[in-house]
Amino acid sequence: MLRFIASRLLQGLFVLFALYTITFFLAKAMPGEPFTTEKNLSEESKAYQRALYGLDKPLLHQYLIYPKNIITEGSLAVSTSKGRPVKDIISQSFKVSVILGLSALGIAICIGVPIGVISAVRRNSWVDWGTMAIAMIGICVPAFTIGPLLQIFIAAKLSGIKVAGWGDPQDILLPAITLGLSTAAYLARLTRGGMLEILSQDYIRTAHAKGIPSSKVITRHALRGGILPSVAFIGPAFAALISGSFIVETIFQVPGMGQHFVNAVISRDEFLLLGVALFFGFLIVIMNLAADILTGILDPRVRITGNSSR
Amino acid sequence: MTPAPQETAAEEGQRDYSLLQADRGSSLWRDAWLRMGKNKVAIASLVVFTITCLLCFGFAWFCKDPIQQDLTNKFASPSGEHWLGTDAMGRDLFSRILYGGQISILVGLIATFVAVTIGVTYGAISGFYGGRIDAVMMRTVDTLLSIPFLMVVIVLQAVLSEWSGTTSRWIVDTWGWNKEFTNRATNVLPLFFALGLFGWLTLARIVRAQVLSLKEREFVEAATSLGLSRLRVLFRHIIPNTLGPTVVYATLTVPGFIMYEATLSYLGLGVESPNSSWGILIKEGANYLETNPQLLILPGILFSLTLFALNFLGDGLRDALDVRASKD
């Protein structure tokens, strides 16, 4: 197990480096300059700024110095558009993003998994049809439609829930629902598929034949196997939640990291861009690893090996 | 392979019957078509998608100009002249939705085409040659799959849109095309490629798995013993046999890309005005949600309906072609 985790972490480092390389060269290829957005600076002061941020060095030097500084000093450089260390910007906003992402994931699991189980048990009934149609709505209606609709139909009607903003605990509710809904829908479909496969297996029939109550057969015997596809999906799902949070943060004015990323692209702030991208990448690597370990615990058949080529 | 979802005895008997009745030689696609005909949801989806395409690509040409503003007639209610009313600039909402659909659907289709071309070629080569080539190629896919897709597409989009401006100027200068038309056309191009360039990864895995099992079959041995070159065997005999899963996956990819296009446009990083797309319409509509919710809801409905239809169509194709994709 330890060897598996170590090899996965190594693979994760490789992923981060690839992400860094792609983002770095794309950021360099982006049109425009970082210091053009504000007042018209003179050429000298622009050159001074570039030298200050180390942007005048050869490309290869810049490409290598950034990871070196992360490793040796733990520094993520300084944002060119905000003039503050990227590390500070991230550490201020990442808590918000993680809280939002995790509550969305929680909501998605609490809605998606039970719905999937119920529709699998009631296969081909109207319950199955109805829930799967609703799940499809969750997949097909984009967050930027659901979000505003929730704002006018829930936030505007109920006192205590703000239309937008961040601060009180109840402010998490609407953004998290908006963000989690499509993940809930995917989870419902995956759980249904997984459960259908398990429910047709011999050992489930045996359990029924031995007179174990249906509810117990489902929760104890079937769920453990049936939930596996959903567990494997949680890593990618978290990545999707993070990407999706760009939109949700804009709609509900949540001060998370997604906004910084979009702003960094717009203002050509490559250090902020790299910092946020790498941090997101790091979170995703960790979540994928967690999902893999969880799959291994739930399913002893999964032979854990270093390389997972399938 | 795990068994396909179990069927009741009656269903199974029926299906076998319909296949036996086919007195002519029955092909994979004929069987699939027969099975699909019984799936009412899939047929309904096909009809919905066809109607949407006809409206957007056919009927739209007979509608009002979607760009023409009429500031004296803002937020008009539906009438004989403006079937769905007008938006904040007095533009006809109905024709804006149809023209927006053109771009959204085209982005979905063309990006899928790019993704399928890359994915099939990559996956087939990886599976066919095997060994070290396969290992390197698949590790690369694994790595790219762990990279946050939307983030890279956002940055890539920013890079490509600069190129599109240059391309546009070049076309206007060299060939003397209409400037406005060229700008509008090249403005959309980066999206196709930004999405397509990263959307091929899962497909490459699916095709590779197919090729791995196909290359051991007798017909490949026969083709090889006839003296065909390896590349010819791969492209003429193996790849055509991976078409089933490819078609299913591609159908399910189109709605995904349409959603990504809308997301990027919503963030202000995709299609730019005066082009319209469903993402832009929804974004604009959200600004006037309290006073004029129809500006958000109407494009939202057509958008979601199209995605609905494409997803159900993909599911139907999967059942009809009896494919078990790796996802779901």
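This is a predicted model: local features need pLDDT of at least 70, side-chain atom pairs count only at pLDDT 80 or more; totals for chains, interfaces and linings use all residues.
Residues are numbered from 1 along each chain as its sequence is written, and chains are lettered from A in the order in which they are written.

The axes of helix 12 (residues 278-287) and helix 13 (residues 294-321) of chain B, which are lines fitted to C-alpha atoms over the stretch in contact, come within 7 Å and cross at roughly 155°. On the side of helix 12 of chain B, the residues that meet helix 13 of chain B include B:Trp278, B:Leu281 and B:Glu284, where contact requires C-beta atoms, placed from the backbone, to lie within 7 Å. The residues of this contact between helix 12 and helix 13 of chain B divide into eight nonpolar, two polar and one charged, with Ala, Val, Leu, Ile, Met, Phe, Trp, Tyr, Cys and Pro counted as nonpolar, Asp, Glu, Lys and Arg as charged, and the others as polar.

Chain B as a whole holds 13 helices and zero strands, these being DSSP runs of at least four residues (H or I) and at least two (E), respectively. Of the 328 residues in chain B, 42% are buried, that is, have 20 or more other C-beta atoms within 10 Å of their own.

The contact between the chains takes 42 residues from chain A and 35 residues from chain B. Helix 1 of chain A gives the largest share of the side of chain A that touches chain B, nine residues.

Technical notes. A residue is buried if 20 or more other C-beta atoms lie within 10 Å of its own, exposed if 12 or fewer, and partly exposed in between; C-beta atoms are placed from the backbone. Two residues are in contact if their C-beta atoms, placed from the backbone, lie within 7 Å. Axes are lines fitted to C-alpha atoms, for helices over the stretch in contact, and angles run from 0 to 180 degrees between N-to-C directions.
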